[in-house]
Amino acid sequence: MGADLNGSARRTAVRAAAYAACGAVLLAGCATMPDSGDLRGVESTPRQDSQVRVFAMPPREGALPSEIVQGFLEALTSDDPTFATARQYLTPEASKNWHPFRSTTVLADGPGAEADRSGGREYGNDFLFTLTGTRVATVDEQQSYTPAPGMYRQPVHLTRDGKTGQWRIDGPPPGVVMGKSDFQRNYMSVNKYYFASSTQEPSGEPVTVADPVYVRERVEPMTQVVRSVLAGPTRWLRPVARSSFPTGTALEKGVTLTPDDQNRLTVPLNGKAARVGRGKCDEMAAQLLFTLQNLTPVVDEVELRSGGRHLCSLGKDRADTVAARGSQSHPQYLYFVNGDHRLVRLANGATRPDPVPGPLGEGGVGLSAVAVSHDEHVAAGVSADGRQLYVASMVSASSLGGSLLTSRGAKQQDRLSTPSWDPHGDLWVADRDPAHGGLFLLVNGAGKPMDVATPGLDGTIRDVRVAADGVRIALVVEKGGKQSLVIGRIERDDGDGGGKPQVSVLELRPAAPELEEVTTMSWAGDSRLVVVGRETEGVQQMRYVQVDGSTPEGPAPAALTGVQEIAASEDDRVSLVAHSVDGIVRLPATGQWEKVVKVGSAPVYPG
């Protein structure tokens, strides 16, 4: 049998802290190590100043098993680049076989422990603890975050060296384990950038796609991030993304990257990159520049070198001519449905909306939901009763054709969702009819709707938003009266072998696992969405979430009552807009919601 040793006492850090900015070493504090009795629960350390570097203390002479385990767990939360101090708590053989960079397990609180006393005596020559906790997520060897709720139980075995009499761990947990607050202090989320395999701008520019990873915040993060970019997209994104770096490209050995006093970062690469052409080199530099600017604002230019030879340089003033990013596409207008069920638009800074040219703004059919193409030339509208889908040009005197899709749902809430345009110019919409529904794609916003395969989907799609990169899609899925937000990968088979073209949404993964009700959502950045929903037995709230299911740093949007619909842009310089009990409202830079119009609904930005 085991004894539950989860103490309520807060641990005191056994660490030395160094302020990176000045290099001064300060003692953070000393834990009170027991010389007998049980192991206390190793709870998470409160969030500390990001400039503080924390280092672990090695095991003391004659430390008891409980001290060894607690010291090891403390060392896992330190800023030791190679976990060298943590290895001092292990036997030589265990240290050789332990791979801390293969995985990180994140617990709601720091790991607790149960001591196994089944041997009938307190200490012999071996001892067993079981680490316990509530698992929140895991981070794999590619630094990719995945929500993984459940219970955590992992044995930790210790042995006493026959010659020295010192206790050491010979059966450590796999990888690293720590509480959520320690994880938030140690790690930061960074978007790596690649290119969408199937998407490009009309000008021929490749379209970037963000690939979020977590890196250790105070352990050479710039060098970590560059190495991660060179390693290629994470497994989930790899089927739909490409890198312009030749296979096998890596940093020269022993390099630590730091920008110079001109904010230029020189990146020395191995010989695999030596023969790239100028266009390809510019794309490589753009990948790094976009990534590093997401990490820090102090990099304005990237220079790539190989074998001591200059390959190319790219500054932020030219980067957007090399590749297109959704977060840099500034919409001309906000669109919504007015009190007469017509499509109107509002220019940035304007206070009075104008009817949109063409049949959807000038009459012909009443609307309940709309979507506007990325180039803002074409609009799609769902009829007021939710049954019919129309597409029309936003040009005066253009005509409205017939319905492109008709839902047979018995109730309006079981009919067509708000549509969404992708950067290819294709239109996506869900039919929420339980008997005949599904996800549909209209190529170029016309023709017969194509059924989109959604293997693994468990429930009914209630809402659809395609990312500006064209390879990721956000879906609100309902099952048993509960809604969840999931992200899928869009894969296209053009049927080059003579078969019928097919489009699939694959490997759906949760983006807001804490919410059991999702009212509305919208993309709000290259890898971020804004979501309105409710936790179990909670109240409605608005928050930002990452596509990997983690919560980004920074404040949530200001609270707003009775939100029914939300609209955001990948360009976070654009105001957040909502349809609430007060009508159409927006959240400007001042941080306080303000009314746009009293009567209106279905606000959207292009996309």
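I started with Asp-422, which is buried because its relative accessible area is 2% (buried means under 20%, exposed over 50%, partly exposed in between, with a 1.4 Å probe and protein chains only). This is a predicted model, where local features need pLDDT of at least 70 and side-chain atom pairs count only at pLDDT 80 or more, while totals for chains, interfaces and linings use all residues. Residues are numbered from 1 along each chain as its sequence is written, and side-chain values use heavy atoms, with hydrogens and water left out.

**Around Asp-422**

I found Asp-422 in the loop between strand S24 (420-421) and strand S25 (427-431). Helices (H or I, at least four residues) and strands (E, at least two) are DSSP runs, numbered from the N terminus. What does the side chain of Asp-422 make a polar contact with? I got Trp-428, side chain to side chain, at 2.9 Å, and then the side chain of Arg-492 at 2.8 Å. A polar contact is a pair of N or O atoms within 3.5 Å; within protein, one must be able to donate a hydrogen and the other to accept it, and residues adjacent in sequence count only if both atoms are side-chain atoms. Leaving aside residues up to four places away in sequence, Asp-422 touches His-374, Trp-428, Val-466 and Arg-492 (contact means heavy atoms within 4.5 Å).

**Whole chain**

I counted eight helices and 39 strands. Of the 607 residues, 54% are buried. For contacts between residues at least 6 apart in sequence, 58% join residues at least 24 apart.

**Cores**

Which residues have the most contacts inside the largest nonpolar core? Leu-304 and Leu-485 do, in a core of 62 residues. Helix H6 (residues 278-295) gives this core its largest share, nine residues. A nonpolar core is a set of buried Ala, Val, Leu, Ile, Met, Phe, Trp, Tyr and Cys residues joined through side-chain atoms within 4.5 Å. I noted another core lying apart from that one, with 35 residues, including Ala-94 and Val-177. Back at Leu-304, I looked up what it touches beyond four places in sequence: among them are Val-267, Met-284, Leu-288 and His-310.

**A sheet**

Next I traced an open sheet of four strands, ordered S19-S18-S17-S39 with antiparallel pairing. Its edge strands are S19 (354-355) and S39 (600-604), each pairing on one side only. Strand S18 (residues 343-347) pairs with S19 in the antiparallel sense over two bridges (strands pair if DSSP finds at least two bridges between them). Arg-345 stands opposite Asp-354 in S19.

**Rings**

How many aromatic pairs does the structure hold? I got ten. Rings of Phe, Tyr and Trp (its six-membered ring) pair if their centres lie within 6.5 Å; planes under 30 degrees apart count as stacked, over 60 as edge-to-face and the rest as tilted. Phe-127 and Phe-129 make a tilted pair, 5.0 Å centre to centre with 50° between the planes, and both residues are buried. Tyr-193 and Phe-290 have ring centres 6.0 Å apart and planes at 70°, so I logged that pair as edge-to-face. This pair links distant parts of the chain, with Tyr-193 in strand S11 (residues 187-200) and Phe-290 in helix H6, 97 residues apart. Tyr-193 is buried at 3% relative accessibility, and Phe-290 is buried at 1% relative accessible area. My last entry is a cluster of Phe-72, Phe-83, Trp-98 and Phe-101, linked by ring pairs.
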